[in-house]
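This briefing goes through one protein chain, from the overall build down to single residues. Please keep the sequence and the model open while reading.

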Amino acid sequence: MKSPKPLLFVVPYAILLVWSVIRPHDYPTWLLEAFPALACAAILACTYRAFPLTPLVYACLLVHCALLFVGSHY
């Protein structure tokens, strides 16, 4: 099975990350709530070639990270 194109997931992730860090309600709270999404992205980036996941898993992780970013912003 072909692995998904990384930019399909990196671009929305980066846009949401930048949006969420601009004037959040509270920066320490933002860091605590966005840290799991940041850690997830770092782990996925390090293991992308050795342990590729299915496009569905990457899409579900992106949705979860989006929810974390929106929650951390407000």
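Which exposed residues does the face of H1 turned away from its buried side carry? They are Leu7, Leu8 and Ile15. The model is a predicted one, and the chain in it has 3 helices and 0 strands. The points below start with the whole chain and then take up the helices, the loop and some single positions.

**Whole chain**

- Read along the sequence, the pattern is α-α-α.
- The C-alpha trace spans about 40 × 15 × 15 Å along its principal axes.
- Of the 74 residues in the chain, 22% are buried.
- The chain exposes about 5300 Å², and carbon and sulfur atoms supply 78% of that area.
- Among contacts between residues at least 6 apart in sequence, 76% join residues at least 24 apart.

**Helix H1**

- H1 runs over residues 7-21 and has 15 residues. From its first C-alpha to its last it reaches 21 Å, close to the 21 Å expected at 1.5 Å a residue.
- The buried residues in H1 are Phe9, Tyr13 and Ser20. Seen down the axis of H1, these buried residues fall within an arc of 35°, so they line one face of the helix.
- An α-helix has 3.6 residues a turn, so residues three or four places apart point the same way.
- Cover for the buried residues of H1 includes helix H2 (27-47) and helix H3 (55-73).
- Ile15, a residue of H1, has a relative accessible area of 55%. Ile15 counts as exposed because this value is over the 50% cut-off.
- Leu7, Val10, Val11 and Ile15 make a nonpolar surface patch of about 380 Å².
- Leu17 is also placed in H1. With a relative accessible area of 23%, Leu17 is partly exposed.
- Leaving aside residues up to four places away in sequence, Leu17 touches Trp30, Leu38 and Phe69.

**Helix H3**

- H3 has 19 residues. The reach from its first C-alpha to its last is 27 Å, close to the 27 Å expected at 1.5 Å a residue.
- Buried in H3 are Tyr58, Leu62, Cys65, Ala66, Phe69, Ser72 and His73. Viewed down the axis of H3, they fall within an arc of 135°, so they line one face of the helix.
- What covers the buried residues of H3 includes H1 and H2.
- The face of H3 turned away from its buried side carries the exposed residues Leu56, Val63 and Leu67.

**Loop between H1 and H2**

- Arg23 sits in the loop between H1 and H2, just after H1.
- Most residues other than glycine have a negative phi.
- Is Arg23 buried or exposed? Arg23 is exposed, with a relative accessible area of 74%.

**Positions in H2 and distances along the chain**

- Tyr27 lies in helix H2 and is partly exposed, with a relative accessible area of 46%.
- Tyr27 and Tyr74 are 47 residues apart along the chain, and their C-alpha atoms are separated by 10 Å.
- Thr47 is found in helix H2 as well. Thr47 is partly exposed, with a relative accessible area of 32%.
- The C-alpha atoms of Thr47 and His64 are separated by 19 Å, and the two residues are 17 residues apart along the chain.
- Leu17 and Ala45 are 28 residues apart in sequence and 16 Å apart in space, C-alpha to C-alpha.

**Points to check in the viewer**

- Look down the axis of H1 to find the face lined by its buried residues, then turn to the opposite side for Leu7, Leu8 and Ile15.
- Do likewise with H3, where the buried residues fall within an arc of 135° and the side turned away carries Leu56, Val63 and Leu67.

Terms used. Residues are numbered from 1 along each chain as its sequence is written. This is a predicted model: local features need pLDDT of at least 70, side-chain atom pairs count only at pLDDT 80 or more; totals for chains, interfaces and linings use all residues. Side-chain values use heavy atoms; hydrogens and water are left out. Helices (H or I, at least four residues) and strands (E, at least two) are DSSP runs, numbered from the N terminus. The expected span of a helix is 1.5 Å times one less than its number of residues. Buried means under 20% relative accessible area, exposed over 50%, partly exposed in between (1.4 Å probe, protein chains only). The arc is that of the directions from the helix axis to the C-beta atoms. Contact means heavy atoms within 4.5 Å. Patches are made of residues with over 30% relative accessible area and no salt bridge: like charges are joined within 9 Å, nonpolar side chains (Val, Leu, Ile, Met, Phe, Trp, Tyr) within 5 Å. Accessible areas come from the Shrake-Rupley method with a 1.4 Å probe; for residues, only the protein chains shown count as cover. A salt bridge is a side-chain nitrogen of Lys or Arg within 4 Å of a carboxyl oxygen of Asp or Glu.
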